[in-house]
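Here is a friendly walk through one protein model, written for someone who likes to check distances and angles directly. Please keep the viewer open while you read.

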Amino acid sequence: MTAVKTIPFGNPCITDEDRSKVMEVLNGHILTHGPQCKGFEEEFSLFTGGGYSVTTSSCMAALHMSYLHFSIGMGDEVIVPAQTHTATAHAVEWVGAVPVFADCEKETGNISVGEIKKLVTSKTKAISLVHFAGIPCDMDGIMDIAQKNNLKVIEDCAIAVGARYKGKHVGLIGDAGCFSFYPVKHFTSGEGGMFISKYKEVADSINKLRAFGVDRTHTERSIPGMYDVPSLGLNYRMSELQAALGRSQLSRIDETLNKRKNNFEYLKDKLLSFKDTYVLDSINSDSVNSHYCLCLVLKNKLKEHRNEVILKLKEEGIGTSVYYPQPVPRMTYYRNKYGYNPDNYKNAAMISDYSIAFPVGPHIEKDDLDYIAKKLFEAIEVFR
Ligand SMILES: *Cc1c(COP(=O)(O)O)cnc(C)c1O
């Protein structure tokens, strides 16, 4: 039996305009180190409303460089949300520091300020946080702990483009902000990321770090090919092809965010009457959620049937996902290395094990949402 509809969870919306922008780069002769990356950085800063932007090869690269820049490493601890993508923790592991996992709030999926307070030690050097599914974290609470303990704040904004806290775009509140343009995120450059900071010297340093640590770009070299290397670096650059696609997608960002918001509100409204479930959403009236997806948490009798519900929806052509599949400390690598005490991550585990993520992206129309709500209702009614 084939389903009447097919609704993918993620569907990068590539337009003819996007294609022609990429072709323009291919028809030229500059494939890297060029005006596209520079333009993307300027336009991203205009969009966020301040700060300094640096294109990178991925969000993971931006996170890794953040710790390298702040000289966080061996013997240091970084507080990391348990409810996140593994990249948030891997970046800490790669510099030799210890990720100390903190549980999340059950209403938002965001790192809990109360938990952070319990985990700060004399070894703590930074707090990393994720604005979960576009819901801004309690930044006042986090910045307060950071200031009192002299900690850096690294904001993983991979799924939070467009999210604002008290008028400030996320990534510009702490010391560093890291974004992802992986295909399933708010908008895409194929692969790619953006590092942002409210501090110019931090962005300037990341700019060198991502390109082998060389002291001058192509255009700054009076004798072609000549440069010096005053510091250690990596190759974490974005290509001009990716930047052209990212720029073209960014030019539609207001439209994209609007559609996501409308889809989210429409679906949330429909799901409000579904007993034994709740939707993760912002609890701070001063913040703007950027609606990456809609996470529905199943409660009571329903929760044990989460995977059956997902499979039923899949049969009906409805693409869903799980954000994130496990609390990171429960993933094999981290469990083997640091052990896992389930009592410490109850909310993160609840969201990983009992929630379903629904798409709200620009590829989703109202009738898709009606269909999702109808099929979801049928799928869960069976288990009452
Ligand atoms: C997707 C994601 C990443 C990784 O992004 P890449 O650009 O693929 O490196 C990091 N953090 C979070 C929270 C993510 O969702």
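## The ligand and its shell

Helices α3 and α4 (86-94) each supply at least two residues of the shell around the ligand. Helices here are DSSP runs of H or I with at least four residues, strands are E runs with at least two, and both are numbered from the N terminus. Before going further, please note that this is a predicted model, in which local features need pLDDT of at least 70 and side-chain atom pairs count only at pLDDT 80 or more, while totals for chains, interfaces and linings use all residues. Residues are numbered from 1 along each chain as its sequence is written, and side-chain values use heavy atoms, with hydrogens and water left out.

Which residues come nearest to the ligand? Of the 15 residues around the ligand, they are Cys59, Asp156, Ser180, Lys185 and Tyr324; a residue is near when one of its heavy atoms lies within 4 Å. Sorted by class, the shell has 7 nonpolar, 6 polar and 2 charged residues. In this scheme Ala, Val, Leu, Ile, Met, Phe, Trp, Tyr, Cys and Pro count as nonpolar, Asp, Glu, Lys and Arg as charged, and the others, Gly among them, as polar.

| Residue | Ligand atom | Distance |
|---|---|---|
| Asp156 | nitrogen | 2.7 Å |
| Lys185 | oxygen | 2.8 Å |
| Tyr324 | oxygen | 2.5 Å |

The protein covers 92% of the 390 Å² of accessible area that the ligand has on its own. Accessible areas come from the Shrake-Rupley method with a 1.4 Å probe, and for residues only the protein chains shown count as cover.

Tyr324 lies in the loop between α10 (306-315) and α11 (332-338).

## Helices α3 and α7

Back to α3 (59-69), which also supplies shell residues. Because 8 of its 11 residues are buried, α3 is largely enclosed by the rest of the structure. Buried means under 20% relative accessible area, exposed over 50%, and partly exposed in between (1.4 Å probe, protein chains only). The buried residues of α3 are Cys59, Ala61, Ala62, Leu63, His64, Met65, Ser66 and Tyr67. At the N-terminal end, Ser58 caps α3, with a side-chain oxygen 3.3 Å from the backbone nitrogen of Met60. After α3 comes Ser71, whose phi is positive, near 50°.

Helix α7 (residues 200-209) has Val202, Ala203, Ile206 and Leu209 as its buried residues. They cover an arc of only 120° around the axis, which puts them on the same side of α7; the arc is that of the directions from the helix axis to the C-beta atoms. An α-helix has 3.6 residues a turn, so residues three or four places apart point the same way. The buried residues of α7 pack against β1 (52-56), α3 and β9 (193-197), where contact means heavy atoms within 4.5 Å.

## Loops and a helix start

Leu172 sits in the loop between β7 (168-169) and β8 (176-180). With a relative accessible area of 10%, Leu172 is buried. Leaving aside neighbours within four places in sequence, Leu172 is in contact with Thr48, Gly50, Gly51, Glu155, Ile196, Ser197 and Lys198.

The side chain of Asn284 reaches the backbone nitrogen of Asp286 at 2.8 Å. Asn284 and Pro136 are 148 residues apart along the chain, and their C-alpha atoms are separated by 8.4 Å.

His291 is found in the loop between β11 and β12 (293-298). This residue is not a glycine, yet its phi is positive, about 50°, and His291 is buried at a relative accessible area of 4%.

Finally, Asp368 belongs to helix α13 (residues 366-381) and counts as buried at 10% relative accessibility. The side chain of Asp368 reaches the backbone nitrogen of Glu365 at 2.8 Å. Not counting residues up to four places away in sequence, Asp368 touches Lys5, Ile7 and His363.

Note on methods. A polar contact is a pair of N or O atoms within 3.5 Å; within protein, one must be able to donate a hydrogen and the other to accept it, and residues adjacent in sequence count only if both atoms are side-chain atoms.
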